[in-house]
Amino acid sequence: DLRLFRDPRAFFQRLLAEHATPGGLAASAFVSIFLAVLPLLSVHMLVILYVVSRFHLNKVMALAIQNICMPPFVPVLCVEIGHYLLYREWITEVSIIVIFWQLKDRVWEWLIGSLIVAPLLAAVTAGVVFLVSSRLQKQRLGHVV
């Protein structure tokens, strides 16, 4: 149903209709975002699916929410922070060449930066998912009663 991609409210309502709790959705979002920020080149989706399956979390939420971390913004942010932590200076020229063509040289910076960004972004995302899904669940239950 393409409507789910255009209407986040419908997406959350559908997830809640599948007996997913706001806490479970938030946990799934946290795990997914945390893993999506890490430099797991080309295997993010597989790792996320494996982990959320092992923890019995909502796979639909995990796969949908991990797209927040798609390049270029989050990887560039991680590389920038990692570079600063290692060398005490910012990368002043942020371009495709500096970040992506030098990726093999920047993976260590990405990893260091992701250890800062991953828990922060995951916590914020999980909080937002929890608040939105709790509110939608209350609205849904209010209409049922």
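## L35 and its surroundings

Leaving aside neighbours within four places in sequence, L35 is in contact (heavy atoms within 4.5 Å) with L40, H44, V47, I48 and V51. L35 sits in helix α3; helices here are DSSP runs of H or I with at least four residues, strands are E runs of at least two, and both are numbered from the N terminus. With a relative accessible area of 13%, L35 counts as buried. Buried means under 20% relative accessible area, exposed over 50%, and partly exposed in between, using a 1.4 Å probe and protein chains only. Further along the chain, Q66 is 31 residues from L35 in sequence, and their C-alpha atoms are 8.3 Å apart in space.

Before going on, a word on the model: it is predicted, so local features need pLDDT of at least 70 and side-chain atom pairs count only at pLDDT 80 or more, while totals for chains, interfaces and linings use all residues. Residues are numbered from 1 along each chain as its sequence is written, and side-chain values use heavy atoms, with hydrogens and water left out.

## Overall fold

The protein has 8 helices and 0 strands, and along the sequence the pattern reads α-α-α-α-α-α-α-α. Of its 145 residues, 40% count as buried. Among contacts with a separation of 6 or more, 67% are between residues 24 or more positions apart.

Accessible areas come from the Shrake-Rupley method with a 1.4 Å probe, and for residues only the protein chains shown count as cover.

## The nonpolar core

How many residues does the largest nonpolar core have? It has 31, and those with the most contacts inside it are V37, M61 and V129. A nonpolar core is a set of buried Ala, Val, Leu, Ile, Met, Phe, Trp, Tyr and Cys residues joined through side-chain atoms within 4.5 Å.

The elements giving two or more residues to this core are α2 (8–17), α3, α4 (44–54), α5 (59–65), α6 (73–87) and α8. Helix α3 provides the largest share, 7 residues.

## Aromatic pairs

A search of the whole structure turns up 2 aromatic pairs. Rings of Phe, Tyr and Trp (its six-membered ring) pair if their centres lie within 6.5 Å; planes under 30 degrees apart count as stacked, over 60 as edge-to-face and the rest as tilted. F30 and F34 form a stacked pair, 6.2 Å centre to centre with 15 degrees between the planes. These two residues are 4 apart in helix α3 (residues 22–37), so about one helical turn separates them. F30 is partly exposed at 31% relative accessible area, and F34 is partly exposed at 28%.

The rings of Y84 and W90 have their centres 4.4 Å apart and their planes at 15 degrees, so this pair is stacked. Y84 is partly exposed at 28% relative accessibility, and W90 is partly exposed at 48%.

## Salt bridge and surface patch

The whole structure contains 1 salt bridge, defined as a side-chain nitrogen of Lys or Arg within 4 Å of a carboxyl oxygen of Asp or Glu. E109 forms a salt bridge with R106, and their closest N and O atoms are 2.9 Å apart. E109 and R106 are 3 residues apart in helix α8, so they are separated by about one helical turn. Are these residues buried or exposed? Both E109 and R106 are buried.

L85, I116 and L120 form a nonpolar patch on the surface, with about 260 Å² of accessible area together. Patches are made of residues with over 30% relative accessible area and no salt bridge; like charges are joined within 9 Å, and nonpolar side chains (Val, Leu, Ile, Met, Phe, Trp, Tyr) within 5 Å. L120 belongs to helix α8 (residues 103–144) and counts as exposed at 55% relative accessibility.

## Backbone details in the loops

Some backbone angles deserve a look. P71 and P72 are joined by a cis peptide bond with omega about 10 degrees, and P72 lies in the loop between α5 and α6.

S42, in the loop between α3 and α4, is not a glycine but has a positive phi near 70 degrees; S42 is exposed, with 77% relative accessible area. H56 is also not a glycine, and its phi is positive at about 55 degrees. H56 lies in the loop between α4 and α5 and counts as exposed at 72% relative accessibility.
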